[in-house]
Every structure is written in structure tokens, then in C-alpha cells.
Amino acid sequence: MKLRQIALALMAVGAMAGPASGLYPQHFDAQVRMQDDLFQAVNGGWVKTAQIPADRSSWGIVGELRNQSEARVREIIENAAEQAGSDAGAAQIAAFYQSFMDEAAIEAKGLSPVQPLLERIASVQSRLDLQRELGALQLIGVDSPLALAPEVDGRDSRRYLLQVWQSGLGLPDRDYYLQHDAAMRKARAAYLDYLQALLSLSGAQPAEAKRRAQAVLALETQLARAQWSKADEYDPLKTYNKRTLAELRRAVPGLDWSVLLASAAVPDIAAVNLAQPSYAKAAARLISTQPLAVWKDYLQVRTLDRFAPALPKAFVTAHFRFHAQALTGAQEMRPRWKRAVAVVEQNLGMAVGQRYVAKYFPPETKAKIDTLVQNLLKAFELSIAELSWMSPATKAAAKEKLGKYAVKIGYPERWRDYSGLVVRADDAVGNLQRGAEFDHHYVMGRLNQPVDRSEWGMTPQTVNAYYNPSLNEIVFPAAYLQPPYFDPSVDDAVNYGNIGATIGHEISHGFDDSGAQFDGDGNLRMWWSKADKAAFDKLTSQLVKDFDALEALPGRYVNGKLTLGENIADLSGLQVAYKAYQLSLNGQPAPVIDGYSGEQRFFIGYAASWRETMRKEMLLQQIVSDPHAPDHFRANQPVINTDAYHQAFATKAGDGMWRPLNKRIRIW
Ligand SMILES: [Zn+2]
């Protein structure tokens with residue numbers, strides 16, 4: 001009897017100790033059915049009460065994790081100060097932070113740290129001088145209408161190729177200059193105020209500053225008119241235009257390319273990629289025809305804008321009012337320490353990352369994620385085999401590409417060496433300049449060198465992930481691989497719906513409208529049969545139509561073409577993650593936990609991963625310039641197209657999320 005009791009007690013404990021569901025019912029909105037609006041049903045309770053912090057433009061999972069990452073990095077930086085005596089890397093981190101935190105010293109110096117730059121700009125007397133500065137200022141991170149940076153050659157992934165890319169606008173996108181609705185006019189007015197403030201603060205009289213600011217805005221508007229739309233900017237074929245230097249000179253006359261390239265410290269090269277030829281030609285024409293005085297003002301405001309965060313308070317305030325308040329809706333400035341952390345991250349990110357992973361990334365996580373990634377890759381391969389719209393030959397080619405995926409998890413194998421960078425605790429602007437210059441020489445040094453396939457495009461403490469078509473790799477930084485995105489202590493269903501769908505998303509980018517044009521070696525090459533590519537384009541055009549019809553702000557719709565790649569990745573990522581989850585069950589039914597089946601928890605977990613709310617200014621910026629659709633749509637649209645969701649929640653005609661079987665989109 002006694003033994004039996006003990007056995008029962010143990011069983012009860014065993015049942016209670018089963019994995020938790022990983023759901024957040026406290027975030028649910030009980031008024032909304034999961035069949036009508038999954039995002040709202042899963043997150044609506046939270047959305048109703050969520051307060052976006054005054055210094056932020058959005059709030060949700062990403063914000064919470066970024067907050068956590070920021071706090072951890074701050075601690076790392078403060079510890080670095082204690083180790084500075086014996087550790088040169090720690091000394092750099094500590095000094096960079098200290099220089100930015102020392103507001104009194106920054107205030108006392110006034111404009112003097114940027115005075116040499118302003119004098120250099122003032123001394124420009126000819127078109128050639130102007131071109132020299134348009135190149136030279138790029139060394140210290142000042143934006144230019146023709147931005148120069150090496151990337152992997154789109155058609156030869158073993159080499160780097162210098163990109164000549166459209167840039168140089170103070171507003172987030174060309175649309176901000178060219179559209180005339182109230183929101184855009186308001187943003188332009190804020191920009192004009194900002195330009196005027198920068199000119200006044202650096203010595204111009206008010207009326208004078210206003211006139212000059214208007215002239216700069218007019219110049220930028222001409223640049224904007226010639227710029228390509230964001231959708232075209234993301235098109236890897238349209239933006240691949242390799243030119244020898246002789247061809248470049250013919251294609252973009254009016255500039256002295258030798259001077260421009262040399263002043264930007266570009267090493268000897270044989271060719272460039274002229275990403276937007278028509279724009280470059282127009283920009284060159286403006287550089288040689290618009291008044292030199294306006295160009296000098298343009299250089300001056302670009303330079304002041306770049307260094308404003310490290311200048312006296314009046315500059316910091318002007319910078320905040322435009323960049324954060326007007327463009328993202330933030331109401332308060334971020335605390336100084338957060339801005340200082342960001343500055344250290346931008347300049348010494350990998351040195352911080354090395355310390356971050358030592359403390360916050362357990363080796364077991366790497367192994368667990370690696371297993372998940374392998375399961376997702378397997379599921380994707382099975383999906384390819386099952387496709388009804390693709391021929392066997394193209395399927396074989398797709399499998400071949402999938403087989404060549406590289407996977408990076410957590411942090412890089414080799415850490416970047418910052419030992420040549422001079423950092424001074426009393427020189428905030430100088431540190432920003434030297435940090436940018438150090439980085440500029442580092443990236444320019446890639447030209448004429450073989451491609452470094454071990455390199456990372458994000459630091460480990462970044463809450464994000466990416467696919468890089470040129471290296472055919474998926475990359476998951478450490479800071480992303482933690483609850484609530486990934487929680488090894490909870491049941492699998494939610495993890496597959498959450499981090500699993502993200503892994504699926506990144507894998508799918510290799511097969512989205514852009515990624516599908518690259519082969520497994522990272523080269524732009526048509527590995528599809530013509531008929532299969534046509535079938536793919538037909539399928540994806542339905543997705544474009546779906547998103548074009550979604551109203552994100554009154555009168556403003558999602559751009560289906562611009563967001564297509566992300567929407568393909570979301571849809572396929574979700575569907576392949578579901579398949580991987582099913583495979584992980586090995587034919588056994590998933591347990592019911594908290595009243596939900598495994599299949600239901602998978603989709604609830606997916607919707608929960610999009611928990612976020614955003615200010616309308618930020619939303620506008622996102623719709624105009626970001627290839628990602630707003631989160632609410634990213635949560636629901638893929639689900640609407642997924643049979644397993646309709647089965648799991650027994651949806652029927654009349655439900656908000658209902659879509660008839662023959663209208664559901666499946667691509668991969
Ligand atoms: Zn993506």
C-alpha cells in the first residue's frame with residue numbers, strides 16, 4: 001500500500017514536471033477568436049495595455065530583448081573599465097564609452113572637434129575639390145550621393161567588387177521628397193528645421209540659415225528624383241552592372257573618377273559595380289552643375305548630422321528632434337548611456353561580442369540550434385521533393401543549392417582585431433572619426449583579396465538573423481537564440497513555431513524572388529528551367545497582390561513588390577517549420593498542454609513571435625522603405641495560406657482568417 005502510494009505520487013510529480021507549453025495566455029485577447037485574427041487573439045491583451053517607452057518608436061519582443069542586450073553590454077563595458085590596465089581591448093571599449101559619456105567635456109569643446117572638417121569643406125573652391133571631399137568624407141562615415149563600398153561580386157563569389165551605390169539623402173527614402181500627403185510634408189518640414197538648426201548652430205544667421213537649408217533640400221530633392229525605388233534597389237539583376245574603369249568613365253561622364261576613388265582610399269582596381277547607372281549619371285550631372293556653395297552646405301550638414309550625437313547638447317537635441325521624434329515618433333531622448341552603448345557597438349562591436357558570448361551564450365545552445373537547423377534543412381528538402389509545380393531537373397538543382405548552405409550560429413570562429421585603432425577617453429568626435437576610418441580601411445582592404453567566408457555581418461549581441469545570398473549562408477547571432485524566441489525548457493511545438501519558423505524564414509530567403517537568382521555558390525546564375533521560373537513568378541505574383549491590398553495606415557498600403565522576398569520567406573518559413581515539427585513527432589501525437597494541441601501551440605507560438613506595437617511615424621517609415629511588412633500582417637498572412645492552421649483550428653467560411661483551399665498559396 002505504502003509503495004503504491006509512493007508510485008502514484010511519483011507519477012503525479014512526473015506529470016507535473018512535463019515541459020511547460022511556452023504559451024503566454026496572459027497576452028491573449030479573449031474577445032477575439034484564433035480563427036478570426038490570430039495575431040490579435042494571441043497578442044491583443046498585451047497590445048491593449050502595452051506602453052511604448054517614451055524613448056522608443058516600437059515595443060514588443062524585439063524591444064524587450066534589445067533592452068536586455070543593452071543592459072548586458074553596459075555591464076560588459078563597465079567591467080572593461082576595471083580590466084583596462086591589463087587588457088588593451090578592454091581599455092579601448094572603456095575609453096570609447098567614457099569619451100561619449102563625458103558630457104561636460106563635450107560641452108566645453110563646443111564645435112572645435114569638427115572645426116577642421118568644416119574648414120576643409122569651406123576651402124572647397126572647384127568641382128575637383130568637391131569630388132575630393134565627396135570621396136574623403138566617406139572615410140569618416142559621412143554619407144555621399146555616390147557611396148563606395150566593396151561587396152562580394154554578384155557573379156563571382158570568390159572576389160569582392162567595389163559597389164557604387166545611390167545614397168546621400170537626409171530623409172529615409174526618395175518618397176519622402178517626392179510625395180505630397182500630410183505625413184510626408186510634415187517630415188520634410190522637420191528636415192528643413194533640422195538643416196536650418198545645423199547651419200545656425202555652426203554660425204549662420206537665422207534668415208541666411210533658412211535660405212541655405214532650403215537650397216540643400218532642393219538639391220537633395222533633385223538627387224531623390226533620380227534615385228531608384230526601394231523595390232528596384234533590392235533587385236540583384238538590375239543592380240548588377242559591372243564596368244571596367246574605362247567603361248565607368250564613359251557611362252558616368254563629368255566626374256574625375258581617379259580623384260573620387262583615390263580620395264575615398266580605394267586601392268587599385270580594374271572594375272566596379274555601377275549599381276544604379278541612370279542615377280549615377282544624374283548625380284554626376286548635379287555634382288558638376290549645381291552651385292558649389294549649395295554643395296558645400298550639403299557637405300557641411302551631412303558632416304554635422306554625422307557627428308551631432310557627439311557634439312554639445314544643442315546639436316544632440318536637434319538630431320533627436322529630427323531623427324527620433326519626427327521620423328520615428330519617439331517622445332524622449334534615449335538615456336545617454338544607451339546612446340553610448342550604441343556608439344561602442346558601432347565601433348567595437350565584435351570586441352564587445354567576444355565578451356558577450358563568453359558570458360551569455362552557453363555552448364549547449366549552439367548544439368541545440370544546430371540540430372534544429374539540420375531538421376529544418378531536412379524538412380525543406382522534403383518540401384522541394386513534394387512540389388507539384390516544379391520539374392525534376394529544377395528540383396535537383398534546388399536540392400543542390402540547399403546542400404551547399406553554410407550555417408553560422410552564435411558567434412564567429414575568428415574575432416576581429418581592433419588593435420590598430422586609437423581610442424581616447426577625452427575625444428568623442430575623434431573616436432567616431434578614427435573608428436569609421438579604421439573600418440573603412442578594413443573593408444576597402446578586402447578588394448583584390450579572396451572572399452573571407454568566415455566573416456559575420458552582424459555582431460553576436462544583435463537580436464536578429466540573416467541570409468546572405470553571396471555566401472549562401474544562414475546566420476543566427478547569439479542574442480536572438482534565447483527566450484521567448486527559443487526556450488529549450490519548454491515543449492517543442494512553440495519552439496518550432498517560433499525560432500523554427502525564423503530558421504525556416506532564413507533558409508527560404510535563398511529561394512525568394514531575389515535569392516532564387518543566386519546558385520549554391522553564391523553567384524547570379526539561372527539554375528531554373530524557363531517554365532519553372534515562370535510558374536514560380538506566377539505563384540509569387542499572388543503574394544504581391546495579397547500584400548498590395550493590405551492597408552497599414554489610413555490610405556497607405558503595403559508595397560507587395562518591395563516586401564515580396566520577406567513575404568515568401570515568412571510563408572515558406574512557417575510551412576517548412578510546421579513540416580519539421582511534424583517530423584520531430586515521429587508519428588506520435590503531441591500531448592495536449594494548457595488545453596491546446598501541439599498543432600495549435602505551434603501556430604500560437606508563431607503568432608506570439610510577432611508581438612509588437614509601433615508608433616505611426618515609425619510605421620510610415622517602415623512601409624515606405626523597409627522590405628518587411630508590418631508585424632501584424634507578417635503574423636497572419638502566412639497562416640491564412642497554411643492548411644495545417646485551418647485544420648488545427650477547424651476554420652470555416654465566414655471566419656476572419658478563412659481562405660478556401662484552392663486559394664491558399666504554397667510556394668516551397
Ligand atoms: Zn528576412
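# A walk through the predicted model

UniProt, in an unreviewed entry, places the feature "domain: Peptidase M13 C-terminal" at residues 464-663. The structure shown is a predicted model. Residues 464-663 are 48% helix and 8% strand. The end C-alpha atoms of that span lie 32 Å apart. UniProt also lists "domain: Peptidase M13 N-terminal", again from an unreviewed entry, at residues 35-412. Here the chain is 64% helix and 9% strand. The end C-alpha atoms of residues 35-412 are 42 Å apart.

Start with the metal. Which residues coordinate the zinc ion? They are His505 and His509, each through NE2, and Glu566 through OE. The distances run from 2.0 to 2.1 Å. Along the sequence, these donor residues follow the spacing H-x3-H-x56-E. Both histidines belong to helix H21, which covers residues 492-509. His505 and His509 are 4 residues apart there, about one turn of the helix. An α-helix has 3.6 residues a turn, so residues three or four places apart point the same way.

Are the two histidines buried or exposed? His505 has a relative accessible area of 8%, so it is buried. His509 is buried because its relative accessible area is 10%. The cut-off for buried is under 20%.

Now step back along the chain from H21. The loop between strand E8 (473-477) and H21 contains Pro484. A cis peptide bond joins Pro483 to Pro484, with omega at about 0 degrees. Most peptide bonds are trans, and most residues other than glycine have a negative phi.

Strand E8 also holds Glu473. Glu473 is buried, because its relative accessible area is 1%. What does the side chain of Glu473 make a polar contact with? The partner is the side chain of Lys408, at 2.7 Å. Leaving aside neighbours within four places in sequence, Glu473 is in contact with Ala406, Lys408, Arg453, Glu455, Tyr466, Tyr467 and Asn468.

Ala265 is not a glycine, yet its phi is positive, at about 60 degrees. Ala265 sits in the loop between helix H13 (257-263) and strand E5 (271-274). Ala265 counts as partly exposed because its relative accessibility is 24%. Asn586 is not a glycine either, and has a positive phi of about 55 degrees. The loop between helix H23 (564-584) and helix H24 (598-608) is where Asn586 is found. At 66% relative accessibility, Asn586 counts as exposed.

Next comes a sheet. It is open and has 4 strands, in the order E2-E3-E5-E4. The pairing is mixed. Strand E2 (146-153) and strand E4 (242-244) stand at the edges. Each has a single partner strand, so one side of each is left without a neighbour in the sheet. On average, and with direction ignored, neighbouring strands of this sheet are turned by 35 degrees against each other.

Look at one pair inside this sheet. Strand E3 (residues 156-166) and E5 run parallel, joined by 3 bridges. Opposite Val164 stands Leu274 in E5. Strands of a sheet pair through backbone hydrogen bonds, either parallel or antiparallel. What lies across E2, E3, E4 and E5? Helix H14 (residues 277-289) does, and it runs at about 155 degrees to E2.

Helix H25 spans residues 616-625 and is mostly covered. How many of its 10 residues are buried? The count is 8. They are Met618, Leu619, Leu620, Gln621, Gln622, Ile623, Val624 and Ser625.

Helix H22 covers residues 530-548 and includes Lys530. Lys530 is exposed, because its relative accessible area is 79%. The cut-off for exposed is over 50%. How far apart are Lys530 and Val259 in space? Their C-alpha atoms are 44 Å apart. In sequence, Lys530 and Val259 are 271 residues apart.

Technical notes:
Residues numbered from 1 in each chain as written. Predicted model: local features only at pLDDT ≥ 70, side-chain atom pairs only at ≥ 80, totals over all residues. Heavy atoms only, no water. Donors = N, O, S within 2.8 Å, 3.2 Å for Na, K, Ca; no water. Helix = DSSP H or I, 4+ residues; strand = E, 2+ residues; numbered from the N terminus. Buried < 20%, exposed > 50% of the residue type's maximum accessible area, 1.4 Å probe, protein only. UniProt positions renumbered as here; feature names shortened; annotations may be inferred. Polar contact = N/O pair within 3.5 Å; in protein donor to acceptor, adjacent residues only side chain to side chain. Contact = heavy atoms within 4.5 Å. Pairing = 2+ DSSP bridges. Axes fitted to C-alpha atoms, helices over the stretch in contact; angles between N-to-C directions.
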